[in-house]
Amino acid sequence: MESADVAVVGAGVAGSVLARLLEPSGYRVVLYDMFRRYRKPCGEVIPAAALDMVASLRLPVPDVVDKIRFFEFIDERGRTLREVEFSKPIWVSIDKTEWVNELREGLSLEIRTVRKLTDIEAGLVVDARGPFSSLGLKVTVWRGYVHSRDYVEKAVIIISREPFGIAWVFGHGDLANVGGGFIGVGDPRPLVYGMLRRLGLWNFLEKAYSIVTLYPRIILSDGYSLRVGESAGFIQSLGGEGIRPAIESAAALAYAIEENGAKISRGLLEAYDRYTRGLQTETKLANILLALSQAMGASALSIVGEEFLSLWLSGRLREVRRVLAALFTVKRRRGQG
Ligand SMILES: Cc1cc2nc3c(=O)[nH]c(=O)nc-3n(C[C@H](O)[C@H](O)[C@H](O)COP(=O)(O)OP(=O)(O)OC[C@H]3O[C@@H](n4cnc5c(N)ncnc54)[C@H](O)[C@@H]3O)c2cc1C
């Protein structure tokens with residue numbers, strides 16, 4: 001078979017978006033994935049503004065099943081730590097599986113588990129295997145759904161200090177998307193079940209496990225291939241938001257390839273590095289904030305202001321000055337009080 005100009009290993013968010021964006025350029029792009037249909041479990045929430053980003057890239061826009069305005073943070077015993085209500089939706093809940101499957105439609109997809117990228121022949125090989133090839137701390141995460149309309153427009157985030165991690169309940173239309181994971185815990189399900197039972201939730205559907213990368217290391221290239229999405233380290237480890245960074249890094253790489261050609265070159269690497277600077281900044285800041293919250297536990301939530309929460313939840317940690325000012329403002333107010 002004629003070898004591809006670009007081989008993208010992993011047809012998740014980043015891989016499928018990249019293949020879609022390269023389509024009009026005339027390159028022969030082949031996607032590889034272990035499964036014909038995308039099936040990785042997820043919390044399925046993205047910042048509301050990410051929908052505009054998807055539309056501006058002329059990609060199919062995901063179906064929105066809920067719009068989240070109310071956030072409640074509680075501790076592992078069910079005690080409320082913080083409640084915030086925003087005037088507009090900060091997050092949207094999407095049908096991620098269907099969206100990725102829609103992105104894949106019409107693309108050249110080969111079903112194969114690729115263990116060594118050097119087994120793939122192509123002008124340019126891109127690693128988009130998500131947490132399965134990223135570098136960082138891997139945490140097992142459990143996810144399910146439950147029939148409930150009590151969480152429409154609402155997200156409940158349960159923060160556990162020991163073991164350190166989170167569980168969640170996210171409004172998802174007639175359902176709620178639930179799950180959780182904790183550092184150092186191989187099977188988080190019993191702990192998550194206990195926390196959810198305290199909220200009166202049981203009888204879970206479509207239960208599944210996957211992994212997420214915390215404290216990711218950013219690696220754009222390993223010499224033979226380029227990396228994109230979570231594989232490259234683009235995931236906000238404070239909370240595990242990885243869908244928007246996957247889309248954004250795929251768009252950055254597509255632009256860099258368009259400008260510099262589909263071969264590893266200094267120009268291509270420099271352009272990809274330049275176009276992902278904002279993502280790199282937010283990833284590094286999220287790693288620092290995660291370390292702080294791991295050290296401080298849930299008490300970190302009592303000292304951060306609403307503006308910080310808004311910047312964090314809406315995926316805008318790269319606005320470092322505003323993020324620091326938001327933290328500083330709280331400190332100053334407390335000092336004055
Ligand atoms: C339970 C859970 C909940 C999450 N909740 C959220 C959330 O609510 N919001 C959010 O923004 N992020 C969330 N994340 C993170 C988010 O899912 C990922 O960061 C995002 O999907 C990364 O996109 P990606 O394209 O880089 O990788 P993925 O979407 O993981 O795609 C990787 C693809 O590579 C394929 N693959 C892997 N290994 C191989 C191989 N050897 N050969 C061939 N194919 C392979 C896989 O089958 C998969 O299709 C969650 C993660 C988990 C695990």
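**Figure 1. The second largest pocket of the predicted model.** The second largest pocket holds about 230 Å³ of space. Here a pocket is an open set of points on a 1 Å grid over the protein atoms alone, with protein on both sides within 12 Å along at least five of seven lines, and a 1.4 Å probe is used. Grid points are joined across faces, edges and corners, and the volume is the space filled by probe spheres set on the points. The lining comprises 13 residues, and Arg39, Thr97, Arg143, Tyr145 and Glu206 are nearest the centre of this pocket; a lining residue has an atom within 4 Å of a point. Two or more lining residues come from each of β10 (137–147) and β14, and β14 gives the largest share, three residues. By class, four lining residues are nonpolar, two polar and seven charged. In this scheme Ala, Val, Leu, Ile, Met, Phe, Trp, Tyr, Cys and Pro are nonpolar, Asp, Glu, Lys and Arg are charged, and the others, Gly among them, are polar.

The model is predicted: local features need pLDDT of at least 70 and side-chain atom pairs pLDDT 80 or more, while totals for chains, interfaces and linings use all residues. Residues are numbered from 1 along each chain as its sequence is written, and side-chain values use heavy atoms, without hydrogens and water.

**Figure 2. The shell around the ligand.** Of 37 residues around the ligand, Ala14, Asp33, Tyr38, Val114 and Glu230 come nearest; a residue is counted if one of its heavy atoms lies within 4 Å. The shell has 19 nonpolar, nine polar and nine charged residues.

Figure 3. The protein buries 96% of the 990 Å² that the ligand exposes when taken alone, by the Shrake-Rupley method with a 1.4 Å probe. Elements giving two or more residues to the shell are α1 (13–22), α3 (96–104), β14 (205–214) and α5 (243–260). Helices (H or I, at least four residues) and strands (E, at least two) are DSSP runs, numbered from the N terminus.

Figure 4. Most residues other than glycine have a negative phi, and most peptide bonds are trans. The peptide bond from glutamate 162 to proline 163 is cis, with omega near 0°.
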